[in-house]
Amino acid sequence: MLVGEGNVSRDADPGTPSVDAGVQAAARVVIGAVVVVLAAWVAWEFMAALAWAAIIAIATWPLYNRLSAIGGERPQVLAPLCFTLVMACFVIVPAMLLARQIAEGSGALLASLNSLGLNGIAAPPWLSRLPHAGQLLDQWWRENLSDPNALVVWVRRVNLENLAIWAGSLGGAMLRRAGRSE
């Protein structure tokens, strides 16, 4: 007789009640479900990436099979290596192009920021024509943003810690929305 199959072994204490096989099966199902739910909860932030990984794996599977068939009976090391490198290029090359574009545009951004530091930010012509608050907004703009010294004072009053927290929450919200739309 085995313990754990609803039977009691000869060495078991006669006062200990036996566990029914149905109860054990139900306990296994409940514990398994709890583990799955907890794993999904831990991995929730990665679900969008996992979904994309599954889509890419399913979409590229026929191409991988053709590539691995070329190798024949030899050890299958070259096909997975080549396929992984090709798939990595689909991620790395666009990221490098993006970084290059950002680097090329950074010079123009720095020149613009330098010009703003020397000349201030000119008020747009349409601002004073806004109904009700146009004149007030135009006056505020000229006092705070058009004068470079006032602009420096105004920027120094900005709380960078609060700005960083706000930017982080905004970025997180945008990523969550992007994950839902996919």
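The model is predicted, so local features need pLDDT of at least 70 and side-chain atom pairs count only at pLDDT 80 or more, while totals for chains, interfaces and linings use all residues. Residues are numbered from 1 along each chain as its sequence is written, and side-chain values use heavy atoms, without hydrogens and water.

The chain holds 6 helices and 0 strands. Helices (H or I, at least four residues) and strands (E, at least two) are DSSP runs, numbered from the N terminus. The order of elements from the N terminus is α-α-α-α-α-α. Contacts are defined by heavy atoms within 4.5 Å. Of those between residues at least 6 apart in sequence, 30% join residues at least 24 apart.

The chain exposes about 15100 Å², of which carbon and sulfur atoms supply 70%. Accessible areas come from the Shrake-Rupley method with a 1.4 Å probe; for residues, only the protein chains shown count as cover. Of the 182 residues, 10% are buried. Buried means under 20% relative accessible area, exposed over 50%, and partly exposed in between (1.4 Å probe, protein chains only).

Side chains of opposite charge can pair when their charged atoms come close. A salt bridge requires a side-chain nitrogen of Lys or Arg within 4 Å of a carboxyl oxygen of Asp or Glu. The count is 2.

Arg 100 pairs with Glu 104, with the closest N and O atoms 3.3 Å apart. Both lie in helix 3 (residues 78-119), 4 residues apart, about one turn of the helix. Arg 100 is exposed at 52% relative accessible area; Glu 104 is partly exposed at 47%.

Asp 138 pairs with Arg 142, with the closest N and O atoms 3.0 Å apart. Helix 4 (residues 134-146) contains both. Asp 138 is buried at 10% relative accessibility, whereas Arg 142 is partly exposed at 49%.
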